[in-house]
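Let us take a walk through this structure together. Keep the sequence and the 3D view side by side as you read.

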Amino acid sequence: MIEYAEYFFPSSDKETSIHVNTWKPDGEVRGVVQIVHGVAEYGFRYDRFARFLADHGFFVVADDHLGHGKSQKKDAPPLYFGEKDGWWYVVDDLLKIQEDTKAKYPDKPYILFGHSMGSFLSRSFLIRYPGKVDACILCGTGFPSAPVILGGKIVSGLEILRLGKKGYSKFADNLAFGAYNKKFAPNRTPVDWVSKSVENVDAYMADPMCGGNASLGLFRDMLTGLSYITKQKNIEKMNKEQPIFFIAGDQDPVGDMGEGVKKAAERFKQAGLRDVEMKLYKNLRHELLNEAEYEEVQNDILTWIERKI
C-alpha cells in the first residue's frame, strides 16, 4: 500500500513555509522522482502520476512552490514569489528538497520531472546545481527567443512601475496566456490551450488552487529564469552525462507547437549533453499527464526511467 505524507519546511526566502507531498511505495524503493509543478497549480495535482510511479517502486516528492497551493507567502497575493530574487528562492527550495530526500535514499537513482514553468525551474536547477540528479524529464517546455523575452521584460517592467510587483495586469496576462489561447479560437474557456480534454479543462477551471491572477512579480521572475536558461553559456554548465527526456504535445503553444521543444533539445546537444531524447505527442496540448492519453505518457516516462537507471 502506498504511504502518502506531507510536511512543511522553511523556504529559502526565510518567510514562507513550503508544503511538500510524498508518496512512498510498498516495498523496496528503486529510485526517487522529484516533481516540479507548473505555474498556477500545485504538487498534489500530480497524485495520480505519483501513485503510478510509487506502484512501480519509486519514492515521489512534490512541493507547492512559493505562492502556490499551501505555500502561501504572508501578506502577499497568490502566484507571487517575492520582491527580489523570487526565481532563485524557488530553485533553492528545490535543492533543499533534493538534498533532504537524497539523504534518506543515498544510493538510489534520483530523477527530476519538471512540467511547464516547472521545466524552466528544473533547467535552472540543472545549470545552477549540475550533478545533483541522475536524470531529468522536461515536460511541456519551450525555448522563447531573446526578443520575446526582452519584450516581456519591458512590458512587465512598465506595468510594475504602474501597479507594483504584487499587482495584476490584465494586459500582461493577455500578452502571455492570452496568446496561447488564441491558437485554439474560437475558445470555449480562457484555458483551452491547457488540454485537448474538455474534462481536464473543466476540472482545472473548477479547482480553487489552479489558475488565478499571476502577479507582475511572478511574470518578471519567470522572464528572469527564461533569460537564464536560454543562454548557451549557461546550458553548457549542465552535467554532460545526465540523460534528458523532452516530452510535449505537438499542439502545445508553450513549446511553439513542438518547434520550441526541438530547439531546446538541439541546444542541449550543442552544449555537449550526450544523452538527449525527445517525443512529441500528436494532437495533444500542454498537460500531457491530464490528457485522455495520459496512460501512454506515463508508460513512456516509466520505460525511459527504467532504461536510464
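Where does Ser 116 lie? Ser 116 sits in the loop between S5 and helix H3 (117–128); helices (H or I, at least four residues) and strands (E, at least two) are DSSP runs, numbered from the N terminus. Before going on, please note that this is a predicted model, in which local features need pLDDT of at least 70 and side-chain atom pairs count only at pLDDT 80 or more, while totals for chains, interfaces and linings use all residues. Residues are numbered from 1 along each chain as its sequence is written, and side-chain values use heavy atoms, with hydrogens and water left out.

The phi of Ser 116 is near 55°, a positive value in a residue other than glycine. Most residues other than glycine have a negative phi, and most peptide bonds are trans. With a relative accessible area of 8%, Ser 116 is buried; buried means under 20% relative accessible area, exposed over 50%, and partly exposed in between, using a 1.4 Å probe and protein chains only. Asp 256, in the loop between S7 and H9, also has a positive phi, about 50°, although it is not a glycine. Asp 256 is partly exposed, with a relative accessible area of 44%. For a cis peptide bond, look at the link between Ala 185 and Pro 186, where omega is about 0°. Pro 186 belongs to the loop between helix H5 (170–182) and helix H6 (198–206).

Which strands pair with S4? Strand S2 (residues 17–24) pairs with S4 in the antiparallel sense over four bridges, and strand S3 (residues 31–36) runs parallel to S4, joined by five bridges; two strands pair if DSSP finds at least two bridges between them. Val 61 in S4 stands opposite Thr 22 and is also the bridge partner of Gln 34. The loop between H1 and S4 holds His 56, which is partly exposed at a relative accessible area of 31%. The C-alpha atoms of His 56 and Asp 26 are separated by 9.3 Å, and these residues are 30 apart along the chain.

Strand S7 is mostly covered too: six of its six residues are buried. Here Ile 244, Phe 246 and Ala 248 point one way, and Phe 245, Ile 247 and Gly 249 the other. Strand S6 (residues 135–139) runs parallel to S7, with four bridges between them, and Cys 139 stands opposite Ile 247. Strand S8 (residues 276–281) is also parallel to S7, through six bridges; across this pairing, Ala 248 faces Leu 280.

Next come the aromatic rings. Rings of Phe, Tyr and Trp (its six-membered ring) pair if their centres lie within 6.5 Å; planes under 30 degrees apart count as stacked, over 60 as edge-to-face and the rest as tilted. By this rule the count is 14 aromatic pairs. In one of them, the rings of Phe 49 and Phe 113 have centres 5.1 Å apart and planes at 55°, so the pair is tilted. Phe 49 lies in helix H1 (residues 47–55) and Phe 113 in strand S5 (residues 110–115), so the pair ties together parts that are 64 residues apart in sequence. Both Phe 49 and Phe 113 are buried. Phe 246 and Phe 268 form an edge-to-face pair, 5.0 Å centre to centre with 75° between the planes. Since Phe 246 is in strand S7 (residues 244–249) and Phe 268 in helix H9 (residues 259–270), this pair ties together parts 22 residues apart in sequence. Ring pairs also link Phe 177, Tyr 180, Trp 193 and Phe 219 into a cluster.

Arg 48 lies over the face of Tyr 294, at 3.5 Å from the ring centre; a charge sits over a ring if NZ of Lys or CZ of Arg is within 6 Å of the ring centre and within 35 degrees of the ring normal.
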